[in-house]
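I am opening my notebook to write down, entry by entry, what I looked up in this structure.

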Amino acid sequence: MLGAGALAASSTVAGAVTAADPGAYAAALDLAFSRGGAPALAGMVVGRSGATWVGVRGVRRQGAQDVATREDRWHLGSNTKAMTAALWARTVQTGLARWDMPLTDVFPDVAVHERFAGLTVDDLMRHRAGLTDDGLLTPAWLRASRADARPLTEQRAALAAQALSAAPAGRAGTFAYGNLNYIILGAALERLHGAAWEDLMRRDLFEPLGIASGGFGTPVDPAPWGHRSAGGVATAIAPGPSGDNPAALGPAGTAHMTPADYGRFLSVFLDGGKGWLTGASLERLTTPFEGPPPAYAAGWGVIRAGWAGRDRGPGPLLTHDGSNTFWYASAALAPERGIGFVALSNDAGRGADAVGDLIGRLIRTAAA
């Protein structure tokens with residue numbers, strides 16, 4: 001999901017953006033929470049060293065008294081995609097893959113449809129391979145996948161083969177956002193490494209970046225519950241398989257962690273890769289496809305914002321939103337400024353507006 005909240009916020013900010021007083025950020029969170037109506041709302045400001053401020057308001061579960069805390073784990077939804085893309089960058093750095101690797105080279109045993117000829121992993125990461133979720137990631141697939149007892153690597157490999165052996169529903173080179181792209185990217189990583197995406201995340205991302213709270217699926221108690229909103233009423237969804245997308249969808253959006261740990265990942269993009277990613281990898285991950293809009297890089301939407309550049313000039317703003325329909329997450333990073341902003345909610349309905357409102361308030365607070 002592209003970062004709608006951050007896009008809206010960027011158009012209303014002028015002047016330099018720097019770290020503000022923590023009390024000012026807390027006041028922004030108080031106001032956004034009071035107006036949003038979500039059970040819980042979290043905000044974070046990130047710098048080159050990681051989280052510089054984290055605030056949380058509300059309860060873990062609608063109708064309960066269990067207060068949400070800064071140490072709670074939050075579901076990131078599609079903001080997981082930037083992590084999966086970063087794993088590909090790490091794979092390129094080891095020499096096991098290359099950026100322009102054709103899909104036919106990654107899946108030599110698959111009878112890839114002729115319309116995928118010449119397409120590469122880059123096209124998957126930028127949602128320009130012609131793939132859409134329609135026809136494959138159906139409600140029936142969601143139900144069947146939850147009951148599928150095969151290893152996740154087999155499920156993803158089968159889905160990749162099914163998708164790539166048929167004519168794509170879309171047109172190559174045209175942007176079409178879809179989780180299927182990143183499930184196949186995950187299958188590509190699994191094929192090259194001979195290990196499950198979840199294990200690669202733990203070994204090559206969580207451990208080197210010091211992310212101790214990272215996991216997959218819904219966070220288990222004690223943690224906030226996701227909520228479904230309908231008719232103005234929020235219903236808490238208990239942790240478990242029914243509270244998230246099927247695990248096979250993992251590379252496209254099942255990661256969870258604390259805000260501070262998410263800040264450890266985001267700071268990679270604010271601090272030159274931190275020795276974990278090279279400058280060349282960062283440039284590749286954050287440079288959008290040269291073609292028709294929208295400008296989408298590898299797990300990031302990219303726009304130009306007046307406050308995001310050096311010397312108070314326009315600069316790139318990396319944005320993304322994520323939701324598994326029960327949670328909502330939004331991130332906006334200004335790499336040239338070395339600052340980023342995050343908002344999280346455990347209610348994808350009412351929380352979506354609250355998250356967008358909070359991102360804007362945090363950015364305006366930093367610019368005040």
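Entry 1, the contact of H3 with H8. In this predicted model, I looked up which residues of H3 touch H8, and I found Lys81, Thr84, Ala85, Leu87, Trp88 and Thr91 on the side of H3, with Asn179, Tyr182, Leu185, Gly186, Ala188, Leu189, Leu192 and His193 facing them from H8. When I sorted the residues of this contact by class, I had eight nonpolar, five polar and one charged. I then checked the geometry, and noted that H3 and helix H8, which covers residues 179-193, pack at an angle of about 35 degrees with their axes 10 Å apart. The crossing in which H3 passes H8 is left-handed.

At what angle do the axes of helix H3 and helix H9 cross? I found that H3 (residues 81-93) and H9 (residues 197-209) have axes that come within 11 Å and cross at roughly 70 degrees. Because angles of 65 to 115 degrees count as roughly perpendicular, I wrote down that H3 is roughly perpendicular to H9. From H3, the residues that make the contact are Met83, Thr84, Leu87 and Arg90, while H9 brings Trp197, Leu200, Met201, Asp204 and Leu205. By class I listed six nonpolar, one polar and two charged residues for this contact of H3 with H9. Here, too, I recorded a left-handed crossing, with H3 passing H9.

How many cavities of 30 Å³ or more does the structure hold? I found one, and the volume of the largest cavity came out at about 40 Å³. Its lining is made by Thr218, Pro219, Pro224, Trp225, Gly226, Ile237, Pro239, Gly243, Phe326 and Trp327. I sorted this lining of the largest cavity into seven nonpolar and three polar residues, with no charged ones.

I next looked up the largest pocket, for which the volume is about 260 Å³. Its lining has 17 residues, and those that lie nearest the centre are Gly217, Pro241, Asn245, Pro246 and Ala247. Helix H6 (139-147) and helix H7 (152-164) are the elements that give two or more residues to this lining. By class, I counted six nonpolar, seven polar and four charged residues in the lining of the largest pocket.

Is the peptide bond from aspartate 221 to proline 222 cis or trans? I noted it as cis, with omega near 0 degrees, and I placed proline 222 in the loop between strand E4 (215-216) and strand E5 (226-230). For histidine 127 I found phi near 55 degrees, which is a positive value in a residue other than glycine. Histidine 127 lies in the loop between helix H5 (121-125) and H6.

Conventions: Residues numbered from 1 in each chain as written. Predicted model: local features only at pLDDT ≥ 70, side-chain atom pairs only at ≥ 80, totals over all residues. Heavy atoms only, no water. Axes fitted to C-alpha atoms, helices over the stretch in contact; angles between N-to-C directions. Helix = DSSP H or I, 4+ residues; strand = E, 2+ residues; numbered from the N terminus. Parallel < 35°, antiparallel > 145°, perpendicular 65-115°, else oblique. Left-handed = near helix turned anticlockwise from the far one by under 90°. Contact = heavy atoms within 4.5 Å. Nonpolar A, V, L, I, M, F, W, Y, C, P; charged D, E, K, R; others polar. 1 Å grid on protein atoms, 1.4 Å probe; cavity = no way out; pocket = protein on both sides within 12 Å on 5 of 7 lines; lining within 4 Å. Points joined across faces, edges and corners; volume = space filled by probe spheres on them.
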